[in-house]
Amino acid sequence: SKHFPVRRGPRSLLGGPRRAVHAVDDVSLRLRRGSVTALVGESGSGKSTVARLLAQLYPLTSGEILLDGRPARAGRGRAFRAYCRHVQMVFQDPFASLNPVHTVRYHLTRALRIHGRAGNSRQETEAALAELLGRVQLTPAGRYLDSFPHELSGGQRQRVAIARALAADPRVLLADEPVSMLDVSIRLGVLNLLRDLKERLDLAILYITHDIASARYFADTTLVMYAGRMVEGGDSETVTQRPAHPYTRLLLASAPDPDRVTGGGDAGSAAPEDEDTDPAAGEPPSLISPPAGCRFHPRCPMAMERCRTQTPPRFDLDDGQWAACWLYDTPAAVPAGTSGASG
Ligand code: SF4
Ligand code: MG
């Protein structure tokens, strides 16, 4: 969980009552090597916060992060640096994440040095740079190494940002909306690159997106977040073909035609969506005072009386799919652990 304290109103200067944004509540997920997990939700659902928590950009309010079964260390010590090497992040906007006054060579050499992978000679560094750029399909390396970010296309910049993350030789890549700032025509190419890297480097990739159709195309597992909570999960095919949670159904109904996104491999037809244009009916709730019970109940066409007061736990469905929704509280249903339950 992550709650950000906020102070509002005129009393705030005098130390008024503390309130908190419940950005992430009781979320639990497992990333596996050689697998892409999509975390899907509208903007403000808390999905970027999950990525930042996993990158240890800020501390958890409660809970823990395990890497290979061992608790992740915070702070400045060796264990923390090792964690950061293994868990790398790729951001939404490659232009903002690269320094405009430095070349590709500078960015990548610096990353290699920080992680002790630049080699001992100039030749070794050059070889490491060429290998990195080869991994993101920017070849020959000589054509890109001395370019500045503004001399590259958006897709090339994002490939450089991915190469920089790979310089650490990570096990986990946290990709927060990695293609949503890119032209529609090149999104599929970058997603295909990430999928290829997942296989070749045995990476665990967390793919954060508001575009559930791209999750179906790209991710092995799909998790859906709403208002700071996880509401559904399962393998991507199941979640997108047989969505169980009313919110997932709403997301899919308002997503563009999946055939236009996957396009049968046609790179010219990726999702034409923009995070700011939310086509779903209604608005996500305030996370300062989220609705009691199921947070989706004010928007849910299936809402029942208990939904207003009782938080639904996870119910296991078939084939590893689960949903946190009272609709599945049937005599045959088995609540899956306690991690979704608090009401
Ligand atoms: Fe709708 Fe109730 Fe299920 Fe929430 S728990 S999604 S309000 S039916
Ligand atoms: Mg975000």
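## Helix H1

In H1, the buried residues are Lys47, Ser48, Thr49, Val50, Ala51, Leu53 and Leu54. A residue is buried if 20 or more other C-beta atoms lie within 10 Å of its own, exposed if 12 or fewer, and partly exposed in between, with C-beta atoms placed from the backbone. After H1 comes Gln56, with a positive phi near 60 degrees.

## The model and its confidence

This is a predicted model, in which local features need pLDDT of at least 70, side-chain atom pairs count only at pLDDT 80 or more, and totals for chains, interfaces and linings use all residues. Residues are numbered from 1 along each chain as its sequence is written, while chains are lettered from A and ligands numbered from 1 in the order in which they are written.

The mean pLDDT of the chain is 87, and 85% of its residues reach 70 or more. Residues 260-280 have pLDDT below 50, and this stretch has 35 contacts in the model beyond near neighbours in sequence. Here pLDDT is the predictor's confidence in each residue, from 0 to 100. Two residues are in contact if their C-beta atoms, placed from the backbone, lie within 7 Å. Residues 338-343 also stay under 50 in pLDDT, with 16 contacts beyond four places in sequence. The model scores are ipTM 0.97 and pTM 0.87.

## The chain as a whole

The chain has 11 helices and 13 strands. These are DSSP runs, numbered from the N terminus: helices are H or I with at least four residues, strands are E with at least two. Of the 343 residues in the chain, 40% are buried. Among contacts with a separation of 6 or more, 64% join residues 24 or more positions apart.

## Helices H4 and H5

How do two packed helices get described? The axes of H4 (residues 104-114) and H5 (residues 122-135) come within 10 Å and cross at roughly 110 degrees. That makes H4 roughly perpendicular to H5. Axes are lines fitted to C-alpha atoms, for helices over the stretch in contact, and angles run from 0 to 180 degrees between N-to-C directions. Angles under 35 degrees count as roughly parallel, over 145 as roughly antiparallel, 65 to 115 as roughly perpendicular and the rest as oblique.

Which residues meet? Arg105, Leu108, Thr109 and Leu112 in H4 contact Thr125, Ala128, Leu129 and Leu132 in H5. By class, this contact has 5 nonpolar, 2 polar and 1 charged residues. Ala, Val, Leu, Ile, Met, Phe, Trp, Tyr, Cys and Pro count as nonpolar, Asp, Glu, Lys and Arg as charged, and the others, Gly among them, as polar. The buried residues of H4 are Val104, His107, Leu108, Thr109 and Leu112. They pack against H5 and helix H6 (154-166). Gly116 follows H4 and has a positive phi near 65 degrees.

Val87 sits in strand S6 (residues 87-90). Val87 is buried, with 24 other C-beta atoms within 10 Å. Not counting residues up to four places away in sequence, Val87 touches Leu54, Ala55, Pro170, Val172 and Leu174. Val87 and Leu174 are 87 residues apart in sequence, but 7.3 Å apart in space, C-alpha to C-alpha.

Tyr217 belongs to helix H8 (residues 212-218). Tyr217 is buried too, with 21 other C-beta atoms within 10 Å. Tyr217 and Ala227 are 10 residues apart in sequence and 24 Å apart in space, C-alpha to C-alpha.

## Backbone details in loops

Asp26 lies in the loop between strands S2 (19-24) and S3 (35-40). Its phi is positive, about 60 degrees, although Asp26 is not a glycine. Asp26 is partly exposed, with 18 C-beta neighbours inside 10 Å.

Asp169 is in the loop between H6 and strand S7 (172-176). Its phi is near 55 degrees, a positive value in a residue other than glycine. Asp169 is partly exposed, with 14 other C-beta atoms within 10 Å. A cis peptide bond joins Thr139 and Pro140, with omega about -10 degrees. Pro140 lies in the loop between H5 and H6.

## Around ligand 1

Of the 14 residues around ligand 1, Cys294, His297, Cys300, Cys307 and Cys325 come nearest. A residue is near a molecule or strand if its C-beta atom, placed from the backbone, lies within 6 Å of it. By class, this shell has 12 nonpolar, 2 polar and no charged residues.
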